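Please take a look at the protein shown here and keep it in view while you read.

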Amino acid sequence: MSSSGTGTDWIASQGTPLRGTLVVPGDKSVSHRAIMLASLADGTSRIEGFLEGEDARATEAIFRRLGVSIEAPGPGQRVVHGVGIDGLRAPDGPLDCGNAGTGMRLLAGLLAGQPFDSVLVGDASLSRRPMKRVTVPLARMGARIDTADGGMPPLHIHGGSALQGIELVTDVASAQVKSALLLAGLYARGTTTVREPHPTRDYTERMLQALGWPIVFSPGYARLEGGHRLAARDIVVPADFSSAAFFIVAASVVPGSDLLLERVGMNPRRTGLLHVLRAMGADIEETPAGEQGGEPVSDLRVRHAPLRGIDVPTEHVADMIDEFPALFVAAACATGATVVSGAAELRVKESDRIAAMANGLRALGVDVDEAPDGATIQGGAALQGGTIESHGDHRIAMAFAIAAQRATGEVRIRDVDNVATSFPGFDSLARGAGFGLVASRGA
Ligand SMILES: O=C(O)C1=C[C@@H](OP(=O)(O)O)[C@@H](O)[C@H](O)C1
Ligand SMILES: C=C(OP(=O)(O)O)C(=O)O
């Protein structure tokens, strides 16, 4: 997605207290994996709650190009006719991952094990994101992948390599890297073992197990061997915690709010934001609502509460990696300073999220000090109106839509089309809950 400002803008301003009951769309991480693993399974899998966002749809389109028949009988529904672990066929051209780091990195591992060549490309933002984190360890397994200069996409993956299972310790805490190695491990001789510096989301491991592939895993550790098969199974995708996070923060910071978010996915590797917000004084009542697709889900009732700044414990960073844009806004609305550290990964997401949030908050009158791996946000000052660059990053755009609900003037958020990658319909859901938010042609 371009960051030139030629797309849609939002004009956001204070609305009413946030009230009502919301269900946010399906989890992006689970949706990518559901398409991938159902495609490789023997038999037909039905997916419910599939995220109708551009990232997950890009992965779906890629598997169609790889010869998998996927029906879409209704919104959020997919019927995937699996071709079996060795059933993918060579694509007739480059495969477009769109804006999705998850799609490209997981596919790098999966396609490295195929007998055919493939090329993975992405949009302008994805084309600037680092891929050596997957290509270097995959090369140690025997994969042959060429990148552009500096380890950037496109990825030219040479098929027909004999992969060898090895033990790898990842340099960064990244579920994408871990998953790429495990997916290559499906095609490797012997055992692939991955250890992580901090535990990350384990959806790949859980879904492999649910589809019958023997795997041993615990936080920060996963081990599997090649040579098995996957059995088709129906998959229910829970609501995405990272999408719910914007409403959790919004209801916390807008006075008078009382919002119920129903059946939110509560995988413990995703919910770091809840610990941090509660430590800041947030009022979040959690009622377990059973399981969906093997994941715990809860109803979350969030009421406005005064927040105070904290030092964010680094142990929570990996468990809230996509929630920092929203957290920066909570910090700006809290009294006192909030210190974020150990979060250098934020600099290599869809945008440099530390710089994008620091610059945007400064434009609204907030004092922010940047560090290489985080920032100190001085909360408590009244937020002003202003113009914000989203840098074509969905999470930056949504974070500033929340900030605007506390601003004294109008906030123009530029270039918000990218929100459709993870949260299609965010603006209408937000307006329904009480946000002041209208779309406008980019100025
Ligand atoms: O595995 C996944 O589905 C994801 C892992 C995280 O990325 P990293 O693995 O780069 O931390 C996260 O930021 C991304 O939105 C989704
Ligand atoms: C970083 C994200 O996704 P991806 O890496 O898949 O582009 C995100 O959704 O915030």
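After helix 8 comes G281, which has a positive phi, near 110°. Helices here are DSSP runs of H or I with at least four residues, strands are runs of E with at least two, and both are numbered from the N terminus. This is a predicted model, in which local features need pLDDT of at least 70 and side-chain atom pairs count only at pLDDT 80 or more, while totals for chains, interfaces and linings use all residues. Residues are numbered from 1 along each chain as its sequence is written, and chains are lettered from A and ligands numbered from 1 in the order in which they are written.

The table lists their buried residues (a residue is buried if 20 or more other C-beta atoms, placed from the backbone, lie within 10 Å of its own).

| Helix | Residues | Buried residues |
|---|---|---|
| Helix 8 | 272-279 | G272, L273, L274, V276 and L277 |
| Helix 4 | 132-140 | R133, V134, T135, P137 and L138 |

What do the buried residues of helix 8 pack against? They pack against helix 7, strand 16 (283-292) and helix 9 (324-332). The cover over the buried residues of helix 4 includes helix 3, strand 8 (144-148), strand 10 (167-169) and helix 5. Just after helix 4, G142 has a positive phi of about 105°.

## Nonpolar cores

In soluble globular proteins, nonpolar side chains tend to be buried together. A nonpolar core is a set of buried Ala, Val, Leu, Ile, Met, Phe, Trp, Tyr and Cys residues joined through C-beta atoms within 7 Å. The largest one has 80 residues, and I248, A330, A401 and A403 have the most contacts inside it. Helix 7 (residues 241-253) gives the most to this core, with ten residues. Setting aside neighbours within four places in sequence, A403 is in contact with V329, A332, L364, L383 and V411; contact means that C-beta atoms, placed from the backbone, lie within 7 Å. A second, separate core of 63 residues includes A34, A41, L66 and M207.

## Two domains

The domain assignment gives domain 1 (8-26 + 238-441) and domain 2 (28-236); such bounds come from an automatic or database assignment. Their C-alpha centres lie 29 Å apart, and 22 residues of domain 1 are in contact with 26 residues of domain 2. The side of domain 1 that touches domain 2 has seven nonpolar, ten polar and five charged residues. In these classes, Ala, Val, Leu, Ile, Met, Phe, Trp, Tyr, Cys and Pro are nonpolar, Asp, Glu, Lys and Arg are charged, and the others, Gly among them, are polar.

## Around the ligands

A residue counts as near a ligand if its C-beta atom, placed from the backbone, lies within 6 Å of it. Among the residues around ligand 1 are S29, R201, D322 and E345. Helix 5 gives the most to this shell, with three residues. By class, the shell around ligand 1 has two nonpolar, six polar and three charged residues.

Around ligand 2 we find residues including D55, N99, K349 and R395. This shell has one nonpolar, four polar and five charged residues. Why does ligand 2 lie between the domains? Domain 1 and domain 2 both give residues to the shell around ligand 2, so it lies between them.

Terms used:
Two residues are in contact if their C-beta atoms, placed from the backbone, lie within 7 Å. A residue is buried if 20 or more other C-beta atoms lie within 10 Å of its own, exposed if 12 or fewer, and partly exposed in between; C-beta atoms are placed from the backbone.
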